[in-house]
Amino acid sequence: MDTRQLAAFCAVVERRSFSQAAERLGVTQPAVSLQVRALEKRLGTQLLDRSGRLGRLDAAARAVEPTEAGLRLYRGAQRLLTLEGQILDEIAGEGEGELSGELQIGASTGPAAIVVPLLLCEFQREHPGVRIALTVADTQAVVERVAARELELGIVGAARRHRAVAFEPFFDDEVILACPPGHAFAGRTVSLEELRGERLIVMQEGAGVRQIVEDELRSIGTRLRDLDVRLELGLQESVRSAVQAGYGVTFISRSAVEPELAAGSLTSAKVEGLDARREISLARASGRTPTRAADAFVEFARAKLAA
């Protein structure tokens with residue numbers, strides 16, 4: 001869609017006048033009229049009511065009102081023109097000056113619980129011109145949104161193969177068996193037989209932690225369904241709350257429960273033969289050129305995590 005036509009149309013709506021819109025844009029009134037007529041022809045609908053309500057005979061002086069279709073277009077056109085301005089500003093400032101623009105990031109529930117939000121807050125404090133939006137979901141959902149280019153970066157706990165997404169190492173995390181305070185497993189390394197006799201709470205399918213645990217269990221000759229799985233409660237926040245309330249034990253990312261472990265509201269255990277360490281990965285859409293803000297955040301985060 002021609003943004004010059006949209007700009008002319010918006011100016012007419014805002015000034016309620018073709019002549020005043022032309023003055024604002026620094027062009028002639030016929031040029032504005034031509035842009036608006038071309039837009040109406042392309043969309044196949046009338047966007048402006050030119051009948052006038054000021055009682056003047058001069059068409060240039062008549063008040064102009066948007067039709068219902070014109071109002072809908074005006075709202076969308078404002079967003080589009082704002083985005084165009086942001087893009088042009090970013091291009092003009094590419095490689096120099098203050099970072100600006102918007103950074104859309106997705107993170108799976110494990111690393112997102114503690115690590116990623118704090119990194120984003122520190123990064124934004126250093127670069128106040130960058131607007132940041134963090135989406136938290138399970139690993140599969142984050143990867144799909146990165147592939148669809150709805151998110152520029154994804155930080156996920158399991159690098160699920162996707163032909164439209166490239167993965168690279170970001171940081172390491174440990175999956176632990178979280179238990180309520182005072183539980184018999186607390187601070188111990190328990191056998192698989194002991195685990196079979198304990199009520200296990202698991203996350204939904206698609207969660208990165210669940211995938212890693214299932215892979216580790218297969219490597220030692222067992223399956224998740226061989227354990228006493230009584231509850232499947234969505235993502236990490238849900239299973240963490242259930243364990244704190246004493247309803248069972250769960251496998252969870254250590255980074256997601258560090259505050260609870262430090263406060264003593266959760267304890268941890270290990271399972272014999274199970275080494276559920278995982279690599280947190282950075283996901284990007286294949287072939288997508290990164291923005292300055294994205295590159296700066298990745299560099300900033302790597303430095304912080306390595307410190």
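Modeller: A disulfide is counted here when two cysteine sulfur atoms lie within 2.5 Å of each other. By that rule, the count is 0 disulfides. The model is predicted, so local features need pLDDT of at least 70 and side-chain atom pairs count only at pLDDT 80 or more, while totals for chains, interfaces and linings use all residues. Residues are numbered from 1 along each chain as its sequence is written, and side-chain values use heavy atoms, with hydrogens and water left out.

Burial is judged by relative accessible area: buried is under 20%, exposed is over 50%, and partly exposed is in between (1.4 Å probe, protein chains only). Cys10 is buried because its relative accessible area is 4%, whereas Cys121, at 52%, counts as exposed.

Now the interior. A nonpolar core is a set of buried Ala, Val, Leu, Ile, Met, Phe, Trp, Tyr and Cys residues joined through side-chain atoms within 4.5 Å. The largest such core has 34 residues, and those with the most contacts inside it are Leu177, Leu195, Leu200, Phe251 and Val271. Helices (H or I, at least four residues) and strands (E, at least two) are DSSP runs numbered from the N terminus. Elements that each supply at least two residues of this core include strand 6 (165-179), helix 8 (192-196), helix 9 and strand 11 (267-271). Strand 6 gives the most, with 5 residues.

Contact means heavy atoms within 4.5 Å. Neighbours within four places in sequence aside, Leu177 has contacts that include Phe185, Val190, Leu195, Leu200, Phe251 and Val271. A second, separate core of 23 residues includes Ile105, Phe171, Ile280 and Ala296. In soluble globular proteins, nonpolar side chains tend to be buried together.

Helix 9 has Gly208, Val209, Arg210, Ile212, Val213 and Leu217 buried. The expected span of a helix is 1.5 Å times one less than its number of residues. The 12 residues of helix 9 (208-219) should therefore span 16 Å, and the 17 Å between the end C-alpha atoms agrees. Gly221, which follows helix 9, has a positive phi near 85 degrees.

Helix 2 (18-25) buries Phe18, Ala21 and Ala22. These cover an arc of only 100 degrees around the axis, taken from the directions from the helix axis to the C-beta atoms, so they sit on the same side of helix 2. The buried residues of helix 2 pack against helix 1 (3-15), helix 3 and strand 1 (48-49).
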